[in-house]
Amino acid sequence: MTDDTPWLSREQLRAWMGFVAVMELLPAALDQQLQRDADVTLFDYMVIAMLSETESRTLRMSVLASATNASLPRLSHVVSRLEKRGLVARCPSAEDRRATDVRLTDAGFDHIVAAAPEHVRTARRLVIDALSDEQVAELGTISRVLLSRVDPEGRFAAVSGMPGDADDDAVICEGRLTGTADDGLPSTVDGIDYRAATTDDVPLLRRATLDALNWSGERFTEADLDRPEFGHYVTAFDPTRAAGAGAVDQRAADLGVVATDGGGPVGAAWAVHLPAEDPGYGFVAADVPELTLAVDARARGRGVGAALLTRLVAAARDADRPGISLSVEDGNTAARILYERAGFRTVGRNGDSDTMLLTF
């Protein structure tokens, strides 16, 4: 009886054992960084990243499974976990009611925008920057050859590549890894209408102020809105104010946008000019209005807050305001990420809050 096992040579064994070590250690290192800095696994990251790069931030489950090189059972388990955290949502497919779509929520989008930079730095540190340009090209070639053996039918995105690639290279989460993802804030959301806020909206702004104050739970009540430091965000709102020489009040007109659906208002963003003797928490200057933004619970996760912010910023720019300021409390990470995406930068500190400013 002859032994026809194709044993490895010493050189082949060294290469194989080194590759096995990389397969074991590299995923663990990437997972460790993402779990520490973003509270997601590498696979969680890939799921969210693929959704974030589609125009509608939505993919059918079967397509998402292929794009993330996963089986449907594994993807379903992970999507369920992400859904409980409010990062994604499942719904029947609009094209095929028998199929299921996965949609990235605003919170999920904010999460991937915040997580991507450090993930890319880690990928560079552990792999890319350790290789020369020629070795990176060789790594790509070797990966394609090996993947064609592992998945000869080309069912998964890592093997099949993407349409339109000149050299048929695989493209996975390209925007998230190259910094070319379009993170521009939306100015509209399907099913939502927008209008300018008026003085008749003061009761609405009062409720919205309470929602904004209670971003982390029921810390404040209706009675707290009568406190001067909170109440002036509503009582001072005047979009008809005319400032100028001879005017009693030199402050410029305030700005506001209200979002509505078939059931009425679902959110508001407004910016009030407050004087130096009665400043807000995010006060910068009397000619820089301070922003407040709130979205009703039934409209959250749809991009309404981002659309309101985009429209208010445009209104302030059109009105020749020098900028807009705001105050964001420690721990309100989702709001902070939204404002940073819009271009706001931290310029000061007030208690347990940062003062942020967007200049035009």
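Modeller: Helices (H or I, at least four residues) and strands (E, at least two) are DSSP runs, numbered from the N terminus. This is a predicted model, where local features need pLDDT of at least 70, side-chain atom pairs count only at pLDDT 80 or more, and totals for chains, interfaces and linings use all residues. Residues are numbered from 1 along each chain as its sequence is written, and side-chain values use heavy atoms, with hydrogens and water left out.

Colleague: Which elements each supply at least two residues of the lining of the second largest pocket?

Modeller: They are α5 (106–126), α9 (202–213), α10, β7, α11 (304–318), β8 (323–329) and α12 (333–341). A pocket is an open set of points on a 1 Å grid over the protein atoms alone, where a 1.4 Å probe fits, with protein on both sides within 12 Å along at least five of seven lines; lining residues have an atom within 4 Å of a point.

Colleague: Which element gives the largest share of that lining?

Modeller: Strand β7 does, with six residues. The lining of this second largest pocket has 48 residues, and A212, W215, L293, N332 and A335 lie nearest the centre.

Colleague: Now the strands. How many bridges join β6 to β7?

Modeller: Six, and the two strands run antiparallel, β7 covering residues 290–295. W270 has T292 in β7 as its bridge partner. Strands pair if DSSP finds at least two bridges between them.

Colleague: And what about β5 and β6, in which sense do they pair?

Modeller: The sense is antiparallel, over seven bridges, with β5 spanning residues 255–261. A hairpin of two residues links β5 to β6, and D261 stands opposite G264 in β6.

Colleague: Is β6 mostly covered or mostly open?

Modeller: Mostly covered: eight of the nine residues in β6 (264–272) are buried. Buried means under 20% relative accessible area (1.4 Å probe, protein chains only).

Colleague: Turning to the loop between α10 and β5, why does R241 count as buried?

Modeller: R241, found in that loop, counts as buried because its relative accessibility is 11%. Its side chain reaches the backbone oxygen of A252 at 2.7 Å and makes a polar contact with the side chain of D254 at 3.2 Å. A polar contact is a pair of N or O atoms within 3.5 Å; within protein, one must be able to donate a hydrogen and the other to accept it, and residues adjacent in sequence count only if both atoms are side-chain atoms.

Colleague: What does the side chain of R251 reach?

Modeller: The side chain of R251 reaches the backbone oxygen of H273 at 2.7 Å. R251 lies in the loop between α10 (228–235) and β5.

Notes: Buried means under 20% relative accessible area, exposed over 50%, partly exposed in between (1.4 Å probe, protein chains only).
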